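Please consult the sequence and the coordinates alongside the text.

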Amino acid sequence: MKTLSAPLNICLGITNQCNLNCRHCLASNTRNSRDLTTAGLLNIIGQMRELKVLSAAIFGGEPLMRKDFFTILEELSRSKINISLNTNGTLISGEIAGRLSQYPVKSYVVSLDGSCPEVHDPFRGKESFKKTIEGIQNLIDRKSNVLISTIVTRFNHKDIENIALLGKKLGAGKVRFNDVAYIGNAACYHESLVMTPVEKFELLDRVRGLKSRFNDFVTGSVIQSCDIMDEIKCKPKESFPLRIHSCGAATTKCAIRPDGHVVPCEILWDESAGDLAKQSLRDIWRDSPVMKAFRETMVIEEDEVPECKGCDYLRACYKGHRCQPYYYPGVKFEHKELYCWREDVAGAK
C-alpha cells in the first residue's frame, strides 16, 4: 500500500506519571520509565510541525501531572496542530479549566467508568468519581467540548445506559464506549475484567437499546462490535485463511510514549518501532520494520487457531480491529479466549 510521508495524527504521551492506578491501564508497563525532558518534548513537537502532522492527542499517564504541562500545550498551540487532551479529569479544578480555556484545545476526552462512585471507584480509585465529575463540570462550565470515555468490562457493563444518561445531564458532546485491550494492567487483572459470552450477548442487547435511544451521542468500539455482530446475520461467513487488512495504526497515525519510543498506536504500547533519542520521527515512520509490518495484510491460517475453525463469529473477532488479533495465539497473545464469543472456548481453562 502507498505510505503517507508522515502521520496525520499522533497520540503524544507526555508522562508516565498518574495519580490513579486503573485496573485496565494500557500504559502501566512503562510506569517506571523516565519521562522525556521538556527540551526533548519540544524537539519532538518541532519534528511534528516540520512533518505537518495535523492533530495530536495529549496522552499519559495523566498529562496534568507534568509541571511543564502548559509549556508543552503552548508549543503545540503555536504549531497550529489540532489538539485534544486525554485526562482522568481529577486534577481539573476551576482554575485549571480556566487556564485550559485560553488554548485551542478542540476536545477533552475524560475517562469515566461508572455512573456512580460504587461502580467507578473500585475500577479507578477511592473518591475518583467525585473528582472526575467536578473536572468534567469545570470544563463544560467554560464551554469546552467534552467526550466521556468508558472502558466496558465486567465491572460496569450493566451501567452503560446510566453512564450515557449522566453524560447527557452533564452536557458532554458524546459518550464513547470502548472494549478492553488486554495489555498493561488489564493483562494482570483480566480474570476480574473479562465478560463471559453470556454477558457479552446481554451487552449487545443493551447497546442496541443505547443506539436506538441516543443515536450518534454514543460511539466507540463497543458500538462497532454490535454493528459487526449484526452484519454476521446478512453477510457471507468468514473462512480461513483470514486476511486482516491494515487500520489507522502505522498508516495514518502512530503514538509516542513518554519515554520517546514510537509505537504504531496506543493499543500497541509495547511494540516499539524506534527511539526518538536515536532516530528522527520521519525515519521511524518511513523506514521502521515494525511500521512497515503493520501496513501489510495480516494472514492467519487455520492451524494457528484451530479452536476457531468453522466459527460463526470470525468476523467479530478478527475483522473489527487490526491491532486486536495481533495478540491472539499463533501471533502474540496467549489468552484469545478473553475476546471469544463462544462458551466452549471462553470457558475453557
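Predicted model: local features only at pLDDT ≥ 70, side-chain atom pairs only at ≥ 80, totals over all residues.

Strands are DSSP runs of E with at least two residues, numbered from the N terminus. In this sense G13 is found in strand β1.

**Sheet layout**
- Ten strands form an open sheet with mixed pairing, in the order β7-β6-β5-β4-β3-β2-β1-β9-β10-β11.
- The edges are taken by β7 (218-219) and β11 (274-275); each has a single partner strand, so one side of each lacks a neighbour in the sheet.
- Helix α1 packs on the sheet and touches β1, β2 and β9. The direction of α1 makes about 180 degrees with that of β1.

**Strand β1 and its partners**
- Strand β1 covers residues 9-13, and four of its five residues are buried.
- With β2 (residues 55-59), β1 pairs in the parallel sense over five bridges; within this pairing, N9 stands opposite S55.
- With β9 (residues 253-256), β1 also runs parallel, joined by four bridges. The bridge partner of I10 in β9 is C254.
- A right-handed β-α-β unit is made by β1, helix α1 (residues 38-50) and β2.

**From β2 to β3**
- Strand β2 pairs with β3 (residues 82-87) in the parallel sense, over four bridges.

**Residue G13**
- Is G13 buried or exposed? Its relative accessibility is 0%, and because buried means under 20% relative accessible area, G13 counts as buried.
- Leaving aside residues up to four places away in sequence, G13 touches L41, F59, I256, R257 and P258.
- The C-alpha atoms of G13 and A56 lie 9.7 Å apart in space, while the two residues are 43 residues apart in sequence.

**Residue H157**
- H157 is placed in the loop between β5 (146-151) and α6 (160-170).
- With a relative accessible area of 2%, H157 falls under the 20% cut-off and is therefore buried.

Definitions and conventions. Residues numbered from 1 in each chain as written. Heavy atoms only, no water. Buried < 20%, exposed > 50% of the residue type's maximum accessible area, 1.4 Å probe, protein only. Pairing = 2+ DSSP bridges. Right-handed = clockwise from strand over helix to strand, strands pointing away. Contact = heavy atoms within 4.5 Å. Axes fitted to C-alpha atoms, helices over the stretch in contact; angles between N-to-C directions.
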